[in-house]
Amino acid sequence: MKSQAVIRSEHTGAGDEMVRVEDIYKHYVVSRSFFQRRNLMVHAVDGVSLSILDGETLGLVGESGCGKSTLGKLILRLEKPSGGRIFFEDADVAQLSGADLKSVRRKMQVIFQDPYSSLNPRRTVRNSIMEPLVIHDIGSRAQRKQKVYELIEEVGLRAEHAERYPHEFSGGQRQRIGIARALALNPKLIIADEPVSALDVSIRSQVLNLMKDLQEKYGLSYLFISHDLSVVEYISDRIAVMYLGKIVEIGPKRLVYNTPAHPYTEALLSSAPVPDPNTRNRRIILRGDVPSPMAPPHGCRFHTRCHERVGLCSETEPTLKETDRGRLVACHVRSA
């Protein structure tokens, strides 16, 4: 699976692998009822392999419920995988525990989707940003306080904001506080789970530009999870498209956006609004609903909604195959 996971980025700052996910699974057990003979399993993530390179942004897109956030939690080890391996700088995160896991977690941080619920309303901004430093016993109290002030100014806020509470800030300011907290431990990887979806459109570009500036300054790598295709296109170097727990296409954003290779990617991009009123986008309407992750279809997960399906699609699950330089696609028809 490693050969499927490694795809070099067009981003000039990207280098060696920082994260390598190999055939990772996460299944949740659903309690059975009196009439059921066996437990049901939710196939949240089902055999995903990918890599994140040093200094790049990998965008992860897909419909709600496809497993994007679960994959992010698995990489952070907020969830323990049901199978597979997750390497962070050659350390198998899936097998770590105790002090070893705590040490690795210093290098991986998260920016949450909701800036309102991700901050403790009873803590001042200073205490919220300082908390990671206290947990990892970094610096003296004076050094921690100085670090907090530096981070607050780094994300575009003022030093006097440190003594205020979250309810005194706007949504965009709260997300800046969340970004400052994520930077407190000088991480190498930040997983951003829908970081701008709860913000006003006018504020989103400011936060995205801040994230890009911080990436360049500190050499950060991002896993940017979002359903907003225009946002992902703006900030990402490579794109991974996920459907019902599987990666169906992954490659440089130029290839994925300009010439989508998987039928699902093509349909997903056709649904995005075009800002030019004189341009008409050919809309691909998918028939039917997304299958249940408790009973995913045999063969290709997408074949029940695909207008290009053939007999093989319902019988055999496609594997990721290279179709262009740096792009992998899981499709019997398109990658034949």
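**Strands, helices and cores**

Tutor: Strand S9 (residues 238–243) and S10 pair in the antiparallel sense, over 6 bridges. Pairing here means DSSP finds at least two bridges between two strands. Strands (E, at least two residues) and helices (H or I, at least four) are DSSP runs, numbered from the N terminus. Keep in mind that this is a predicted model: local features need pLDDT of at least 70, side-chain atom pairs count only at pLDDT 80 or more, and totals for chains, interfaces and linings use all residues. Residues are numbered from 1 along each chain as its sequence is written, and side-chain values use heavy atoms, with hydrogens and water left out.

Student: Okay, which residue in S10 is the bridge partner of Tyr243?

Tutor: That's Lys246.

Student: And what's the strand order in the open sheet of 8 strands?

Tutor: The order is S6-S7-S8-S3-S9-S10-S12-S11, and the pairing is mixed. Strand S6 (108–111) and strand S11 (321–324) are at the edges with a single partner strand each, so one side of each has no neighbour in the sheet. On average, neighbouring strands of this sheet are turned by 25° against each other, direction ignored. Axes for such angles are lines fitted to C-alpha atoms, for helices over the stretch in contact, and angles run from 0 to 180 degrees between N-to-C directions.

Student: Which strands does helix H7 lie across?

Tutor: H7 (residues 201–218) lies across strand S3 (57–61), S6, strand S7 (189–193) and strand S8 (221–225), and runs at about 155° to S8.

Student: Which backbone nitrogens does the Glu249 side chain reach?

Tutor: The Glu249 side chain reaches the backbone nitrogen of Ala261 at 3.2 Å and that of His262 at 3.0 Å. Leaving aside neighbours within four places in sequence, Glu249 is also in contact (heavy atoms within 4.5 Å) with residues including Ile239, Val241, Thr265, Leu320 and Arg327.

Student: What about helix H10, how many of its residues are buried?

Tutor: 7 of the 8 residues of H10 (residues 263–270) are buried, so the helix is largely enclosed by the rest of the structure. Among the buried ones are Pro263, Tyr264 and Thr265. The cover over them includes S3, helix H8 (229–235), S9, S10 and helix H9 (253–258).

Student: And H2, how many are buried there?

Tutor: For H2 (residues 68–76) it's 7 of the 9, so that helix is also largely enclosed by the rest of the structure. Lys68 is one of the buried residues. Just after H2, Arg77 takes a positive phi of about 65°.

Student: Last topic: which residues have the most contacts inside the largest nonpolar core?

Tutor: Ile129, Ile179, Met211, Phe224 and Val241, in a core of 50 residues. A nonpolar core is a set of buried Ala, Val, Leu, Ile, Met, Phe, Trp, Tyr and Cys residues joined through side-chain atoms within 4.5 Å. There's a second, separate core of 34 residues, which includes Leu60, Ile191, Leu223 and Leu320.

Notes. A polar contact is a pair of N or O atoms within 3.5 Å; within protein, one must be able to donate a hydrogen and the other to accept it, and residues adjacent in sequence count only if both atoms are side-chain atoms. Buried means under 20% relative accessible area, exposed over 50%, partly exposed in between (1.4 Å probe, protein chains only).
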